[in-house]
Every structure is written in C-alpha cells, then in structure tokens.
Amino acid sequence: MNLRISVFASVFAIASGYASETTFYIEPKGELGAPIMPPLQVHAPFLSQRPDAEFVLTSSAENHKRSGIDDVRLSTKDSGAKISSAQQWDINSQLQKKIFGGKVYIKSSIGDHATTFLIRGKNPSDEDVKNFIKANCKDHWYAWAIAQHESRQHFNLFNQFNTQEKIFGTPNYGAPDGWGIMQLDSSRGSEISTEEVYNWQANVLSGLKLMDKAKKEALAYFNAVKRTFPDKWEEPPTVYTPQGCVSKLAALDAAVIQMYNGAAVVRKLKTPFGTYTYYRSCWEFDENAAKGSRWRFKINNHDYVHKVVYNEIEGHIK
C-alpha cells in the first residue's frame, strides 16, 4: 500500500500522488493577507485494516540557524487526530491554526511507506502589509518604513520569505539573527518563535511591541536626565531632521526609530528611587553646554534613522 499526500486549493486538487521533494506554500489568503497553511491530507486506506498502524509527521527547519527550534511532530495516535471514514488523516485540524514550515517527513509504522516534501511561504502584497501595520501601529506612524527597510530585497519591499530563485519561499534571514519582515532577533531577550518566522502578521505584531518598548525606554531616559540634572534641564529639541533629508521627526519618534536598531547613548542616571542605573537613548545631554544647546542627536553605527527616512519615507530608493 502506498502513501499519498494530497494538497487542495479550495475544491480543486492542485497536487496529489507520490510526493517527493514537492514544495507546498503557506499562502497569504486570509484577511489582510493572513497566512494560511496548505491543506495537507494523508490518504492511508489500510488504517481501517490495521488499527495498530501509525503515521507520524516530523518537520525541521531548512536553515541550520533554526535547527531544533522549529521542529514539529504530529501523529495519528495523538489526541485530536482526525481520520475520516475515507481514511484521510486531516493534518491541518491537528495544527489548530499553527503555522510552520521546513522539510517535512511522513512515515508509516507499517512497511516502507514514507514521503518528504517542503513547506515554504509566499509573501503578502505590499498593500496588505502596509494596511496591517497601519491598523496596528498606534502612534508608530513610521513602522511601515522600518518594516520596508528591514525586509527589502532589491525591488521587493515587504518580505517575510526570500524572493531569490534558489531559496524562494524560505524564511527571510539576515545575519546575525534577524527573521522576517521586522527582522526580529533574540537580542530582545527571547528566542524568535516558529510562528514569528512563518507567520508574517505575528512577526509584524512582535516588531510593533519592540517599538512600544523602545518608546518606553526613550521616555524613561528623558525623565532620568531631568531627575539627575534638575537645574540644567531643558526640553529636547522639538524636531530632528536627519542630514540630507527634508522630513522632520519629533525627538521621541527619532529615538524610537533608532533604538529599534540599536541605541547610541548609554548613561548612568538617577532612578525614581534615588539610586543610579544605566539608561539607553540616542539623545546625548551635555549639562555643561550653553543653555539651548545641551541636546545632541547621536547616530548609531548604521546611521539607521537617516536610512529609514531617506530611503523609505522619502523614497530615494526605488
């Protein structure tokens, strides 16, 4: 008895038979391009004849940087496994909307029935990404530009997955540890999840949370400077314009944009409890400078704010 993998798009069979290194795609076909797994079914008529038989699906990442992190294991013996009267194992119902990808291997416990295939992803439209970001960004109006800068691949703007022919559909990875549209990395303090690697909407939402965190840090820095130097304090500049740009940014917005990539100022300042600790920012305060000139924007090693504003917001890269 042979093992057959069948993949359906709507009611039309687009691939079936003896799958061997076939590639199936996570498709951006939900609301605002939400990702949807390919509907995978295993046809195994001998399950009714051999109740002791088991099918096991295992999946692992194609990129060794994700080795062990994105592993998935499903079985027809698992609680919640659905086998229809037609002896079809409905894998998707077992996933409970989980999105994953990589190299998939399905094997039967009886005989030599096995098959492998790939699950990769297709990118949502630029319009869907922009609309999704704008619907969720709160006051981070520049978030779409950060996403575009982070994931741009030549003329392809928002890329959760790679667009190059040889690696088409694999997760968009940027060294040393960036993933997806927002190029999330573990420097945030937690590992990047499988969902964030393969689900572009989850990736974007996590990126927006990092902007929330950066805003909180930037505000905490301003307040700490005020506490530490109450007699020297003056408000940060109303606007900041990166060199060579015409766009004017609020001081706080400039700080959040840069701190998404990395702070350039770290200083030990007074806490609300009277102790001292380190705060991060991109605004340098010189308490010894003349009044009206105590704040200076310090760019980081990547000149990140300039790139986001000049290339993306002002559109100098086409």
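**Figure 1. N162, a buried residue.** In this predicted model, N162 has a relative accessibility of 8%. Buried means under 20%, so N162 counts as buried. To find N162 yourself, look in the loop between α3 (143-151) and β10 (173-174).

**Figure 2. Polar partners of the N162 side chain.** Here we look at what the side chain of N162 meets. One partner is the side chain of Q153, joined to that of N162 by a polar contact of 2.9 Å. Another is a piece of backbone: the oxygen of P171 lies 3.0 Å from a polar atom of the N162 side chain.

**Figure 3. The neighbourhood of N162.** Which residues is N162 in contact with, leaving aside its neighbours within four places in sequence? They are Q153, I167, F168, G169, T170, P171, N172 and Y173.

**Figure 4. Stepping back to the whole protein.** Seen as a whole, the protein has 7 helices and 17 strands. Its radius of gyration is 25 Å, well over the 20 Å that the globule rule gives for 318 residues, so the protein is more spread out than a compact globule. Along the principal axes, the C-alpha atoms fill a box of roughly 85 × 45 × 30 Å.

Figure 5. Like N162, 47% of the 318 residues count as buried. The accessible surface comes to about 16,100 Å², and carbon and sulfur atoms hold 51% of that. As for charge, the protein has 38 positive and 34 negative charges, and their mean positions are 3 Å apart.

Definitions and conventions: Residues numbered from 1 in each chain as written. Predicted model: local features only at pLDDT ≥ 70, side-chain atom pairs only at ≥ 80, totals over all residues. Heavy atoms only, no water. Helix = DSSP H or I, 4+ residues; strand = E, 2+ residues; numbered from the N terminus. Rg over C-alpha atoms; globule rule 2.2 N^0.38 Å. Buried < 20%, exposed > 50% of the residue type's maximum accessible area, 1.4 Å probe, protein only. Areas by Shrake-Rupley, 256 points an atom, 1.4 Å probe, with all protein chains shown as cover. Lys, Arg positive; Asp, Glu negative; His and termini not counted. Charge placed at Lys NZ, Arg CZ, Asp CG, Glu CD. Polar contact = N/O pair within 3.5 Å; in protein donor to acceptor, adjacent residues only side chain to side chain. Contact = heavy atoms within 4.5 Å.
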